[in-house]
Amino acid sequence: MADIIDRAIGPASTNIRERHTEPLVRGLVPLESASEQAWRDLADRALEPNGYYLPGWERAVNASARGRTGTSALCAFDTDEPSRLIGLMPVTSLWRAYRLPLPALASGHPYGTLCTPLLDADSAEVAAAHLLAAARRTGARALLLRDMSIAGPVMQAFDAVLRRDGLRPRVLQSYERALLDATGDGETVLQEALGAKKMKELRRQRHRLAEHGEIRFEVARAPDEAAAALETFLALEAGGWKGQRGTALIQHDGDAAFIRRAVPALAQEGACEIIRLHAGDIAVAAGVVLRHRSRAFFFKLGVDERFAKYSPGVQLTLDLTRHLCSDPAIRSADSTAGPDHPMINPIWRGRLAIGDVLIPLHQRDAAVELVHAALAARREGLALARRSVHLLRALRKGRAATRPPRH
């Protein structure tokens, strides 16, 4: 395999394998050195919203989040006004992203499952062309857009530029996830999505939950309030299944530092809020919601498992739906959940197409075929590993169910 790589892409690949460094990112802008004001101004003009690429969020991720530090950025500037940023794409090498020693750049992953680059709405195709040119200058032969909005206007801008260059992007994998159309009345949206019978059952559960105290839905928006409410969310998340698997944010110092920095920073700009559902003095569910332009992003949810029979996560999502639909500034909300999510898919009936897109940077390049093949092999290996894990869990669960009770 090493000989094939060397013949296809030249001796630079040997350096990548031997040193396990990032020769492709030389000349890129370190993410922390990108002008925060220019970045913020670009975000205000962005063609397509992405709350996870706001500077307050992505800088915090890059500073300490587990496996997501050391990111660089491809930047595009207005030729007539060189200080004006018109495109920004956080990137990392394919080695750092997937341990693949191949000459490609991948979207920097911002913890949330959306990596759509920021393009200036007034010069989107120019910005896309400049970003691709910047990627070529690094020596990269391909660009992997991970968790990309594949049917949105940003991808359309890249498509237009690539067509002019005689290139075609390749969608490596895709899925649809829940999206809320927040332009209608919240109660009507819920009734149409869930139906009268399900809504009646949820009201019954809410009445039962109210036996533990008055039900209150609260939104913390001010930086100090959001920072305090975040601690409630972190405790709830760690107390659930994520805590049992060791994946709760608070269980890793770097992750905890990132979220504690990001939430008040974005709240200062009106771009983040912490939502909570209380039964009396007890917080039974909490979530983190980002906001960028006309879209909200439901980042994470934590619930008190002691109240599971009352569906606290669903109850919180119902209140969030009403809250977002009543806000004229918000037109849609991205669940940022996986495909076929059992909780939110029945509630938010819109769908957003998300995928991984491989962009060749040169015509008829054998290196791109190697990148494509390596990514496909990795994907198949991960799918096999996931199936094995699910099988093992099912077997363990079956053994526990048949084990005789202790006396």
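Buried here means under 20% relative accessible area, exposed means over 50%, and partly exposed is in between (1.4 Å probe, protein chains only). Helices (H or I, at least four residues) and strands (E, at least two) are DSSP runs, numbered from the N terminus.

Before going on, please note that this is a predicted model, in which local features need pLDDT of at least 70 and side-chain atom pairs count only at pLDDT 80 or more, while totals for chains, interfaces and linings use all residues. Residues are numbered from 1 along each chain as its sequence is written, and side-chain values use heavy atoms, with hydrogens and water left out.

## Helix 6, buried on one side

Helix 6 covers residues 124-137. Its buried residues are Ala-124, Ala-127, Ala-128, Leu-131, Leu-132, Ala-134 and Ala-135. They cover an arc of only 155° around the axis, which puts them on the same side of helix 6; the arc is that of the directions from the helix axis to the C-beta atoms. After helix 6 comes Gly-139, with a positive phi near 95°.

In the largest nonpolar core, which has 48 residues, Trp-57, Phe-258, Ile-259 and Val-288 touch the most other members. Apart from it lies another core, of 35 residues, including Leu-202 and Leu-318. A nonpolar core is a set of buried Ala, Val, Leu, Ile, Met, Phe, Trp, Tyr and Cys residues joined through side-chain atoms within 4.5 Å.

Arg-291 lies in strand 10 and is buried, at a relative accessible area of 14%. Its side chain makes a polar contact with the side chain of Asp-327 (2.4 Å). A polar contact is a pair of N or O atoms within 3.5 Å; within protein, one must be able to donate a hydrogen and the other to accept it, and residues adjacent in sequence count only if both atoms are side-chain atoms.

Arg-293 sits in the loop between strand 10 (282-292) and strand 11 (295-303). This arginine is partly exposed, with a relative accessible area of 44%, and its phi is positive, near 50°.

## Another positive phi

Tyr-111 is not a glycine, yet has a positive phi of about 80°. Tyr-111 is found in the loop between strand 4 (104-107) and strand 5 (118-119), and counts as buried at 14% relative accessibility.

Methods: Expected span 1.5 Å × (residues − 1).
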